[in-house]
Number of protein chains: 2
Amino acid sequence: MPQTDGTSAFDVATDVTRTEGGGLVTDLDPDWDVGGGILNGGYLLSVVGRAAVLESPHAHPVALSASYLRAPAAGPATLTVAPGPSGRTLAHSLVTLSDAGGPALTAQATTATLGTGPSDYGSPMPDVPPVEECFSVAEHRHLAPPGVHVPGLSLKVDTRLDLATAGWAFGQPSGEPVLRAWMRFADGREPDPLALLTFADALPPTSFAMGNMGWAPTVQLQVLVRALPAPGWCLVEARTSEIAGGWVDEDYRIWDSTGRLVAQSRQLARAPR
Amino acid sequence: MPQTDGTSAFDVATDVTRTEGGGLVTDLDPDWDVGGGILNGGYLLSVVGRAAVLESPHAHPVALSASYLRAPAAGPATLTVAPGPSGRTLAHSLVTLSDAGGPALTAQATTATLGTGPSDYGSPMPDVPPVEECFSVAEHRHLAPPGVHVPGLSLKVDTRLDLATAGWAFGQPSGEPVLRAWMRFADGREPDPLALLTFADALPPTSFAMGNMGWAPTVQLQVLVRALPAPGWCLVEARTSEIAGGWVDEDYRIWDSTGRLVAQSRQLARAPR
């Protein structure tokens, strides 16, 4: 049953509250990890996005560009929002997420108020099999190759891979760095702009499809939210254009259940060894 | 003849110098405009990138994400670089470009040292006609429709549009928001990572291909530099995925003369009316 009263796992894990002194604090949840105690970069960006809209006259993050300075520890963290120019259409700010060790993530944030109007031009959703014919990452945790930690994230975000891009899970990597999956929160919490920030970094590394099961730490990530997503499953596609010199990019496009493009992201990451 | 001694128009227009007090200053050149005295966002990002590498142990900008707070005036401007974590592989910083009116652009900067090794995986260059069969924007300035200002930028950056994406210049817009062009500096100055930051925002708005000749002000722009470009013409492709609610995205991919992908960018802009 969908949880829309602020008690969903996502809403609790990304909650940002104001202290009596006026500062913003959060409690980073260790269960949104990608393995080894490393919290997912998209999850962290959702926390940052929540802080940005708290301090903005506008309701939605429409563009966030974050530098991942170092991996923050789970537990208490603070958020500072330095306001920039703000107007009727949009507002700018600079958000910093810090733990006891200092700043972990800084982000350019642009907030605005997304409407419900139709798209004037849109990229169509790719043709993919229905959810029930896709590969559940959570249900196949026992298939993880030795040494591959199944991340907590995979229990929070229900990820159903298009089998055409899941060969790596069966020891048959396609050699093409593309992954495609239906995605929603495991507890049924419906997608919204803050959720899309997590979805925009929630697939396994595209390098898995190249047969390389290493971790690809995010260096810089930009997410654009283009529309309010309809309820239901989102389709998430990640694609890499270039791997060279120890660097890899990942491009995400996310469509909602009506087939509308609702988010795009691009990240630069360190390529797995 | 290529100018590689720092006296090219680009090197002069993006020069950043250190004052006796240790601050960084520049002199924004009015000739790199997109019309109406508005300086090109890519040009501004090259100035920011130059400041970032000046204050970094690393030589190249590999990821820059900028918020365009307001359009700065041509003339004297200052740059502040707040250093972040710095290591053997990469360094982070936050760069702010300000004119007399205050901050105009803030950017997350990641610098690193790009090597000359081969690509492990790359997106091939699309099939396009040779430069001499393409449409020179500068040579056809007299064809500009009434009310369309031909930007100074078009005289600094030699842009040769693939005729398949230049129908709008003849009153026959394709209806597909894609532009493709060979690009190099008009004075022959060879491309480098700083140049790619300008190229990543130097095509006309993709909305031109939709028959909409208005201006699309950049709100947030991320550029990734993936390799040192070889000398010669670069191929630059811009593509829009979604236009809705007054917002438009533009995705750039840039290949060098050897066909290697050397840069990617994505921006969120306000859609022309």
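Start by selecting B:R260 and A:E242, whose side chains meet in a salt bridge at 3.5 Å, N to O. The term stands for a side-chain nitrogen of Lys or Arg within 4 Å of a carboxyl oxygen of Asp or Glu. Between chain B and chain A the count is six salt bridges.

Before you go on, note that this is a predicted model, in which local features need pLDDT of at least 70, side-chain atom pairs count only at pLDDT 80 or more, and totals for chains, interfaces and linings use all residues. Residues are numbered from 1 along each chain as its sequence is written, chains are lettered from A in the order in which they are written, and side-chain values use heavy atoms, with hydrogens and water left out.

**Where the chains meet**

Now show both chains. Here 52 residues of chain B are in contact (heavy atoms within 4.5 Å) with 52 residues of chain A. Together the two chains bury about 4,300 Å², 51% of it on carbon and sulfur atoms; this is the accessible area (1.4 Å probe) that two parts lose on being put together, summed over both.

How is chain B superposed on chain A? A rotation of 180 degrees with 0.0 Å of shift along its axis does it, with an RMSD of 0.0 Å, using least squares on the C-alpha atoms of residues with pLDDT of at least 70 in both. The two copies are therefore related as by a two-fold rotation axis. Select B:S65 next: of the residues of chain B, its C-alpha comes closest to that axis, at 3.0 Å.

**Rings inside chain A**

Select A:W32 and A:F185. Their ring centres are 6.1 Å apart and their planes at 70 degrees, so the pair is edge-to-face. For Phe, Tyr and Trp (its six-membered ring), centres within 6.5 Å make a pair; planes under 30 degrees apart are stacked, over 60 edge-to-face and the rest tilted. A:W32 lies in the loop between strand 2 (24–28) and helix 2 (41–54), and A:F185 in strand 10 (residues 178–185), so the pair ties together parts 153 residues apart in sequence. Helices (H or I, at least four residues) and strands (E, at least two) are DSSP runs, numbered from the N terminus.

**A charge over a ring**

Finish with A:R270, which lies over the face of A:W247, 4.4 Å from the ring centre. The rule asks for NZ of Lys or CZ of Arg within 6 Å of the ring centre and within 35 degrees of the ring normal. In chain B, the charged end of B:R270 sits over the ring of B:W247, 4.4 Å from its centre.
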